[in-house]
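This report covers the charged side-chain pairs of one protein and then its overall build. Please look at the sequence and the structure below before reading on.

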Amino acid sequence: MQVWDAIQTKRAIREFRAEPLESDHIDRILNAGRRSQSSKNSQPWHFVAVQDKAGLAKLATTGAGMGHVAGCALCVVIVVPTQNERTLWHFFDSGQSAAYMQLAATEIGIGSCLGTIYEPDAAAELLGIPEGYQTRLVISFGYPADEDTAVQPLRAGGRRVFDDVVHWETW
């Protein structure tokens, strides 16, 4: 699969088959995040890879709309340093690593969905995140429960049209 194909076909998948991911697929996903670009090559992230079903169920309660986490095969929690003068860049860099992981997963037939942690202290305690670090972003991964949903084209109105988003030279 070409990168453009992965970009065109990537969907938020919230329902997964009850099947573990292959270990080489997990490594590929995590390495994609590790290899992503970052501001000044700071690589501020750490990834907590959660596969334990009880842990996934608890993690799902730390944010609204995170039911997909409870049913996934792998949840990657992105951890960055606590708030400082680089926080904005740390979150930008986290988004880049998340995108790389999701595109790598799409390429090998694995679905994914982003989630937001609303209770960071509860997540930090659950995951043993050390002092000096924070987390707000998770990505659930798994083989899509419905293969057709994973590859169907965007529905009308799913994305703004090119000319509505792109401005040439000035706004």
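Asp 164 is partly exposed, with 41% relative accessible area; the term covers values between buried (under 20%) and exposed (over 50%), found with a 1.4 Å probe on protein chains only. A salt bridge here is a side-chain nitrogen of Lys or Arg within 4 Å of a carboxyl oxygen of Asp or Glu.

The model is predicted, so local features need pLDDT of at least 70 and side-chain atom pairs count only at pLDDT 80 or more, while totals for chains, interfaces and linings use all residues. Residues are numbered from 1 along each chain as its sequence is written, and side-chain values use heavy atoms, with hydrogens and water left out.

## The other salt bridges

The count of salt bridges is three. Side chains of opposite charge can pair when their charged atoms come close.

Glu 107 and Arg 28 are joined by a salt bridge of 2.9 Å, N to O. This pair links distant parts of the chain, 79 residues apart: Glu 107 lies in helix 5 (residues 87-107) and Arg 28 in helix 2 (residues 23-34). Glu 107 has a relative accessible area of 34% and Arg 28 one of 42%, and each is partly exposed.

Glu 19 and Arg 17 form a salt bridge of 3.0 Å, N to O. Both are partly exposed, Glu 19 at 35% and Arg 17 at 30%.

## Fold and overall build

The protein has eight helices and four strands. Helices (H or I, at least four residues) and strands (E, at least two) are DSSP runs, numbered from the N terminus. Along the sequence the pattern is α-α-β-α-α-β-α-β-α-β-α-α.

The C-alpha atoms fill a box of roughly 45 × 45 × 30 Å along the principal axes.

Of the 171 residues, 39% are buried. Among contacts (heavy atoms within 4.5 Å) between residues at least 6 apart in sequence, 77% join residues at least 24 apart.
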